[in-house]
Structure formats: structure tokens, C-alpha cells
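Good morning, and thank you for coming.

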Amino acid sequence: MIDGDQTLGDDLARFVRAVGPEHTPVQAEMAAFAAEQEFPNIGPDAGAVLRLLARLVDAETVFEFGSGFGYSASWFLRGGAGRVILTEFDGDELERGREFLSDAGLTTRCVFEEGDAMEIVDRYGGPFDVVLIDHQKSRYADAFEAVRAKLSPGGVIVADNVTRGPADFDATLAHLEDDAALPADDPQTTGISTYLDTVRADESFESLLLPVGSGLCVSTKVE
Ligand SMILES: C[S@@+](CC[C@H](N)C(=O)[O-])C[C@H]1O[C@@H](n2cnc3c(N)ncnc32)[C@H](O)[C@@H]1O
């Protein structure tokens, strides 16, 4: 099983993977590096969604909250994104990302920002055509608030790790289905649930869950 595909049942996940897409040579190196480090990148199936979205909205600017070493950015760039703003507070990871993306000949379309994504985003006025939220789960809703006005009409926000990751699947589902109380001692689950509550309540956005990779909540700005 390739990391990032466990949201689907085994057979369906194999089917999705068999259809592809495949990694580029540099993405294959990134994936091997991630496996070695047990680093949770978004995986190829969710990556293909990022590529698709960049292509569909003809993305000029993409903003990422939590870029690691550039794997998710590489998919946006494969989708033709004009510019990806990568944010990462681990300087070594970001530097590794710069090397990988340089090997792929993609750095002219990258802005590497080391530091707290929540502070970095305030330095950008937008518009953003696609935003990836993939940093601390307890700050997802704040990230949404930070970018909602900066998203272009028809723009898309993607939040990763909705169904798999540090949040508790059953507790998140119970909250969605039965309005079960959020666990006060679990900021990860509370963070994901609060994000879903926030984005689903906003009438300017249409949201759905794509059950690929670790579960993507995809929200389009429709106003
Ligand atoms: C799940 S990984 C990101 C993976 C990446 N999006 C990918 O798929 O290739 C989360 C990353 O976010 C970084 N991070 C967490 N909170 C952050 C913050 N507030 N600002 C910047 N980076 C952050 C972590 O250091 C980690 O590298």
C-alpha cells in the first residue's frame, strides 16, 4: 500500500493507483525520501487532485500552509500553476524542498518562505487561486479565515487529513452526524471538526469530501 491511499478500501485504492498518474523522476525521489523519514506527504492520489485543480482553475498563484519539502507543491506545478508560495517552519525541510524542486527545474515558479505560515500569509494580499491547508490541525479554521477574502472567485481551498491523520475518525464523524461534543483534550480532532463546521457554514463556499489520500475537504468560492 502506498502511503496516502488508505482512505479507500484496499481494492479500490489499488485501482486508483493503477490508473495513475505516476511520479516524475524527482517526485519518485521525494516519495522515497518521505518513506525513509516517515514523513507524511500528501501522496500521489491526492497529489493528482492538486494537479487537476491547478489545471482546472488555471491557477496563477497557489498558497500552501505547511509545505514540508515541496512534494505537494510539485503537483501544483505539474498542473501548470504560475507560482506556488511554500511555507514551512522547518528550515531544513524547506531547503531540501528547494533542492528537489531545483532538480526538477521548477524553482522559478516557487517562493520559499521559512517561518509560521499564519504570519507569512498576512504578508500576501492575494488573490490566491488555490490554497492548500496542511499544517497544524488546530489552526485549520484560522487558516481559512486568513485566506477566505484573498481567494479569487472560483478559487479552491483544499484541506488535507480530514479522514486520516492525527484526528480521530469516529469522533469527527459523530460530530458531523450527531453534533457530538468535540473532545476538549484532543486539539487535532477538534481542529479538523471546527474547520469542517466553519467552511460548511460559509455560504460563499461549496464543499465536499474527496476520499483520496488522507481525505481532502475541497471548497470552492462561489460568490
Ligand atoms: C503534513 S506536512 C506537509 C506536507 C506537504 N504539504 C506535502 O504534502 O508535501 C506538514 C508540515 O507543516 C509544517 N508546519 C506545521 N505548522 C506550520 C506552520 N504554522 N507554519 C509553517 N509550517 C508548518 C510542518 O513542519 C510539516 O513539515
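I will begin with confidence, then turn to the pocket and the ligand, and end with the backbone.

This is a predicted model, in which local features need pLDDT of at least 70 and side-chain atom pairs count only at pLDDT 80 or more, while totals for chains, interfaces and linings use all residues. Residues are numbered from 1 along each chain as its sequence is written, and side-chain values use heavy atoms, with hydrogens and water left out.

Over residues 1–6, however, pLDDT stays under 50.

Next, the largest pocket. On a 1 Å grid over the protein atoms alone, a pocket is an open set of points where a 1.4 Å probe fits, with protein on both sides within 12 Å along at least five of seven lines; lining residues have an atom within 4 Å of a point. The space in the largest pocket is about 390 Å³, a volume being the space filled by probe spheres set on the points. Its lining comprises 23 residues, and nearest the centre lie Gly 66, Gly 68, Glu 88, Asp 134 and His 135.

What does the lining contain by class? There are 7 nonpolar, 10 polar and 6 charged residues, with Gly counted among the polar ones.

Now the ligand. There are 20 residues around the ligand (a heavy atom within 4 Å), and Glu 88, Glu 93, Ala 117, Asp 134 and Gln 136 come nearest.

Finally, the backbone. Most residues other than glycine have a negative phi, and most peptide bonds are trans. The bond from Gly 20 to Pro 21 is cis, with omega near 10°. Gly 126 and Pro 127 are also joined by a cis peptide bond, with omega about -5°. Glu 38, a residue other than glycine, has a positive phi near 55°.

Technical notes: pLDDT is the predictor's confidence in each residue, from 0 to 100. Contact means heavy atoms within 4.5 Å.
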